[in-house]
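The following exercises concern the structure shown below.

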Amino acid sequence: MTVLNSTTVEKFFAGKRILLSIILIALPGAAAIGLLMASEPLLATGVLLSIPLLLAFIKWPDAATLLVVFYIYTNVGPVLMSYHGVPSYIAQGFPVLL
């Protein structure tokens, strides 16, 4: 006969807790992106593309620094504001990544 101790039970439910938490985060996120896609498809596409980018910045902080240096060197912010109609708070707030 085997005895279940607390660590065995915790190990058994640890994987299920992680899966449950991922599901509880993913379902509302998918619903929110679906609702956003119905009303603003360009914004929803930007959100979907920015999620892997932000995860990469968390994993490799040097990538964010290099991206901001590239942004400043190429003067992308004023070009976006002048020729493409991007609001100034978005174009000027990009170095906040640092």
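**Exercise 1.** Determine at which residue helix 2 bends, and by about how many degrees.

*Solution.* Helix 2 bends by about 25 degrees at serine 50; the bend at a residue is the angle between axes fitted to the seven residues ending there and the seven starting there. Proline 52 follows within four residues. The model is predicted: local features need pLDDT of at least 70, side-chain atom pairs count only at pLDDT 80 or more, and totals for chains, interfaces and linings use all residues. Residues are numbered from 1 along each chain as its sequence is written, and side-chain values use heavy atoms, with hydrogens and water left out.

**Exercise 2.** State how many helices and strands the chain has.

*Solution.* The chain has 5 helices and 0 strands, where helices (H or I, at least four residues) and strands (E, at least two) are DSSP runs, numbered from the N terminus. The order of elements from the N terminus is α-α-α-α-α.

**Exercise 3.** Classify leucine 48 as buried, partly exposed or exposed.

*Solution.* Leucine 48 belongs to helix 2. Buried means under 20% relative accessible area, exposed over 50%, and partly exposed in between (1.4 Å probe, protein chains only). Leucine 48 has a relative accessible area of 38%, and is therefore partly exposed. Of the 98 residues of the chain, 7% count as buried.
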